[in-house]
Amino acid sequence: DSKNTDISLGYQILVNKFNILPEDYNPGNIKKFSSTYAFGNVSAEEECYNAFIKMADDARKENITLVLTSGYRTREDQTNIYESMKNSKGETYADEFAARPGSSEHETGLALDIMTFNAVTETFHETETYKWLHKHAREYGFIERYPENKEYLTGYERESWHFRYVGVDLANKVEEEGIAYEEYYAFYIDK
């Protein structure tokens with residue numbers, strides 16, 4: 001039972017399995033990160049891009065290296081990712097670990113997968129880099145989008161590397177209340 005999401009909400013937009021982006025969604029000005037910040041071809045919406053650069057530069061001053069592995073994806077990119085996973089591991093598996101086209105935050109340009117050198121997704125939450133992000137990401141407008149013990153709300157297993165740009169004020173509110181973004185949206189936006 002999915003519906004089109006309210007794209008007029010800007011950085012407060014909710015995109016998930018039930019709130020889908022229209023096919024003609026325009027993410028705004030997309031900027032590509034240099035290899036100083038990203039592994040491979042990674043880009044993001046301009047304000048998200050600038051916030052990440054500031055966060056990564058500040059982290060580096062504390063000997064923490066943030067490396068992007070994924071950012072903005074076109075609908076075609078997301079279709080290819082989902083279909084590939086579905087074809088190799090089945091639809092049930094794909095629906096648990098990958099978003100269907102139109103339901104991925106990466107298509108907004110506001111979602112970033114943040115890692116560090118020699119880290120793997122399964123244990124990223126145990127790294128000093130994750131601990132730094134967990135403490136400081138909100139100061140730059142980012143929230144951990146799929147936190148532990150919120151799978152029943154987000155529809156996804158914990159992804160300690162997946163951060164979403166929502167702006168500083170909103171990020172602080174979400175983090176201070178210890179809620180998933182779906183909860184924030186239900187409590188404060190979709191009343």
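Which residues line the largest cavity? Before I come to that, let me say that this is a predicted model, in which local features need pLDDT of at least 70 and side-chain atom pairs count only at pLDDT 80 or more, while totals for chains, interfaces and linings use all residues. Residues are numbered from 1 along each chain as its sequence is written, and side-chain values use heavy atoms, with hydrogens and water left out.

To the question, then: the lining of the largest cavity is made up of Leu133, His134, Ala137, Arg138, Phe142, Glu144, Phe163 and Glu175. By cavity I mean a set of points, on a 1 Å grid over the protein atoms alone, where a 1.4 Å probe fits but cannot get out, whereas a pocket is an open set with protein on both sides within 12 Å along at least five of seven lines, and a lining residue has an atom within 4 Å of a point. The volume of the largest cavity is about 40 Å³, volume being the space filled by probe spheres set on the points, with grid points joined across faces, edges and corners. The elements that give two or more residues to its lining are H4 and S7, where helices (H or I, at least four residues) and strands (E, at least two) are DSSP runs, numbered from the N terminus. By class this lining has four nonpolar, one polar and three charged residues; here Ala, Val, Leu, Ile, Met, Phe, Trp, Tyr, Cys and Pro count as nonpolar, Asp, Glu, Lys and Arg as charged, and the others, Gly among them, as polar.

Phenylalanine 142 lies in strand S7, residues 142-146, and is buried, with a relative accessible area of 0%, where buried means under 20%, exposed over 50% and partly exposed in between, with a 1.4 Å probe and protein chains only. Leaving aside neighbours within four places in sequence, its contacts (heavy atoms within 4.5 Å) include Cys48, Phe52, Leu112, Phe163 and Ala171.

Strand S7 also belongs to an open sheet of four strands, in the order S5-S6-S8-S7 and with antiparallel pairing, two strands being paired if DSSP finds at least two bridges between them. Strand S5 (67-70) and S7 stand at the edges, each with a single partner strand, so one side of each has no neighbour in the sheet. At the S5 end, three bridges join S5 to the antiparallel strand S6, residues 111-115, and leucine 68 stands opposite isoleucine 114 in S6.

Turning to the open spaces, the largest pocket has a volume of about 510 Å³, and of the 23 residues that line it, the closest to its centre are Phe97, Ala98, Asp113, Glu159 and Trp161. Helix H2 (75-89) and strand S8 (159-165) are the elements that give two or more residues to this lining, and S8 gives the most, with four. The lining divides into eight nonpolar, eight polar and seven charged residues.

The second largest pocket holds about 160 Å³ of space, and its lining includes Tyr130, His134, Glu144 and Glu175. Helix H4 (128-136) and helix H6 (168-177) each give two or more residues to it, and its residues divide into four nonpolar, two polar and five charged.
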